[in-house]
Amino acid sequence: MNSVVLRVERLSKSFAGVRALDGVSLEVRAREVVGVLGENGAGKSTLLKVLAGLCQRDGGHIAMRGRAVRFGSPREAAEAGISMVFQEQSLVPNLSVAENIMLGHEGVAVRAGFYDWKRLHAMGAAQLAKLDSTLAPWALTETLSFEERQMVELAKALTIEERTPHEPLILLDEPTSMLDAGQAQAVLIGIERLRGRASVVFVSHRLDEVLRVCDRIYVFAEGRCVGQGQRGVCTKAELQAMMLGRRHRVDSKDGSPPQEAPTSASAVILSVRDLSCAHRYHSVSFDLRAGEVLGIAGAAGSGRDSLCRALFGAETPDSGEIALDGRPVRWREPADAVERGIGYLPGERSTEGVVAGMSVAENMTLAHLGELRRGPFIGLRLEKALVRRWIERLGIKPCTSADMQAQLLSGGNQQKIVLAKWLIARKLRILILDHPWRGLDVGAKAEAVASIREVARSGIGIVLITDALDDLIALSDSLIVMKNGLVSGRFTCSAAKPPDWRVLECML
Amino acid sequence: MGRPGRAERHPAASERARRFAGHPVQWQTWGPFAALLALCLGFGIAEPSFLTLSNFWVIADSSAVPLILAVGMTFVVLQGSLDLSIEGVMALCSLTFAMLVLNSRTALDLGVMALGLAVLPGLCIGMLNGIVLTRLAVPSFMATLGAWSAALGLAMLLSGGQPPILKDEAFRAFGLGRTAAVPNLALVAVAVVMVGHVLQHYTRFGRYSVAIGGGESVARQSGLPVDRYKVFAFALCGLLAGLAGALESARIGLGHVDIGAGQLLGTVTAVVVGGTSLAGGRGGVLQSAVGALLLNVLANGMVFVGVIPEAQKMVEGAIVLLASLLATWQLRGRLWDVR
């Protein structure tokens, strides 16, 4: 039996009267990967923050290796061997990889205030080598891809090994939530490598990942620990049931009304012919009808992301034709596409989503104030009615949230606000959804799915990209599969859903 | 799709990366330098006498003080702050210097030691700026605006309407003189730029300044003593502003409250034109030096080609606008670069 590294007992923590943690107990043993599962707002991140010394507990006990501890700052936590990898990446973009890894702990690479770059790069490379990563330590961090930066984060967390006599405890706060399946794979392999040298707490809301890498799993809901599981003993369904508690599962097989397939009589609104862009995609053709959900499947690098950006005018194709209502169009910039009724909903809420500090109502109507104008003023009553209608229609919670600050809402609800922002535009014809569920938990996702169906029913054509294949198949009326820049398969889903292995076959 | 050279372990690439301390050679780095060369060439073609050695030394001489100021300001701006107090600091240190060497007002004659003492008020004001900023959380813009007035006021008090005249011949000779045809002040400026460059790329202070500008919260999270390095940067900026004030006094032979008039805008412009972002984290000492040279070449060249003084400011403004536009060009595509 491995020794217990961390023991947490009856931990509680409130923020402004809201109980984020309510009597949570758990333990982590040496060289164990412990999963913490839960929806957004279940208290997972708060737990990690308390453990990392970023905030103070209100009650309960924490013991590290048998000794009671209370961390007043991240530094104190680090001294005890706790290192945290944050959900939002905590790397300085304009520093080199090695500088980021060793930031604040340059040690012998800085003598009398002077840098020995050779040594620093060697130290950075040594940390990366622990993860079998071959990233160049001198590369500028901002030139790396997201998953590469995530490896740098892990390497940075590992530097703690050299600073404490104990084996470290590494806290990972949703390190894969922004990654697609292939990218997440690399990070998961990194976590596997950590197992040989550290204890890990891995927070996620992706069941598959947690089941794959974790030895034991704690399930959180509403600030409490509602269940535990052992790898190999508990199943995905059991965990899901624990996470959702009373709420029933929402997926395509039950609960949702059958989709009304758009009849082939409904007009083609967007047609793409032989669209090509060097090194990205080649000779792509498809039609999108009003009220249709067109899914584009493909691995990262298959050209689907680039294709979507071309539809929205953010990238320019080399050749081929995009036609809107039968008339060829050429976007110079995204504003042209918006002008013609194309909306784009990105996955990254934090960078492209809601404006912090503005209310839900203001966020929704931000781009369309012109339509609410009464003379030189904004028709406030008009705005209010409009906002209330959309809050109701998309089921944004709480339903009285019109005047609340948008960033206070949960991730799923923020996503809906962005959706509403596009839908408010009366002329919206086509909505492009680029990984709309990235970073959303199970419940929020189910709600987002429902609102997307609602949108399609109103006659808007939807182009959908997501890595969750079962969602894609469930939601799409027709599906094209891309591989290495070419369309490798086409499926019609309105009559009978294609089995996912058929789609996968085309992808791989 | 992968960027070329992302994970390569090529010895040449490593060598280059080491030299540039992780910064790849990019448009922001060489753009202003190319503009500087183009400007020189353009003026040279329009008026061949512009491209003479003697005019080169004139430009070098007039660039000396702006260069020294730009180096100090670079570290402050790299960290994402701004120091508006340099004109006041220059005035105060100019007066201090003029009254410590042999002069018309006091009986003191401290010689070279006067220079060392004269920059101390600059250092102190800089440190004070940093402390007010970090401890009292007053934005650097406001804190240093206050320091500017206070320092200028102190200088006025010292001056008392009677600017002290320098009588120390050695300093006068140094301020106006040349060593092997090179203006002495230009030599000082080159030394300051070199020291600044080394500070930025090879010391903890420099690299942490870059880190603070790139992500202050991350820097704090990583346990860097961010506040201490901010105080350092303001102290350095104040110190160099003081040096600039004293040197300018040696040149004009006077301790004067207006000695720094107009330098603030010029310095900030030089820093930004060189490619150092006001948001922090980008740019560097050499870039700022190029920016300072660019402005001085422009001012000098316009006289040569006969732009009337009234229009000079206008042309300068247009060029500054253009340079800023080019320096921030990469930020325009940002929406699509986040992934």
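Two strands pair if DSSP finds at least two bridges between them, and strands themselves are DSSP runs (E, at least two residues), just as helices are runs of H or I with at least four residues, both numbered from the N terminus. Everything shown here is a predicted model, in which local features need pLDDT of at least 70 and side-chain atom pairs count only at pLDDT 80 or more, while totals for chains, interfaces and linings use all residues. Residues are numbered from 1 along each chain as its sequence is written, and chains are lettered from A and ligands numbered from 1 in the order in which they are written.

**View 1. Strand β11 of chain A has a partner in β3(A) and another in β12(A).**
With β3 (residues 33-38), the pairing is parallel over five bridges, and A:V36 stands opposite A:Y218. With β12 (residues 224-230), the pairing is antiparallel over six bridges, and here A:Y218 faces A:Q228. Two residues lie between the strands of the β11-β12 hairpin, where A:E222 takes a positive phi near 50°. Five of the six residues of β11 (216-221) are buried, so this strand is largely enclosed by the rest of the structure. (Buried means that 20 or more other C-beta atoms, placed from the backbone, lie within 10 Å of the residue's own.)

**View 2. Four strands of chain A form an open sheet.**
Follow the order β14-β13-β16-β17, with antiparallel pairing. At the edges are β14 (281-289) and β17 (327-329), each pairing on one side only. Inside the sheet, β13 (residues 268-277) and β16 (residues 319-324) share five bridges; look for A:S271 with its bridge partner A:A323.

**View 3. The largest nonpolar core has 174 residues.**
Such a core is a set of buried Ala, Val, Leu, Ile, Met, Phe, Trp, Tyr and Cys residues joined through C-beta atoms within 7 Å. The residues with the most contacts inside it are A:L171, A:F202, B:I68 and B:L240. Helix α12 (residues 226-252) of chain B gives the largest share, 16 residues. Beyond its neighbours within four places in sequence, A:L171 has contacts that include A:L48, A:I82 and A:V201; a contact means C-beta atoms, placed from the backbone, within 7 Å.

The predictor's confidence in each residue, pLDDT, runs from 0 to 100. Its mean for chain A is 80.

Key:
Buried ≥ 20, exposed ≤ 12 C-beta atoms within 10 Å, placed from the backbone. Contact = placed C-beta atoms within 7 Å.
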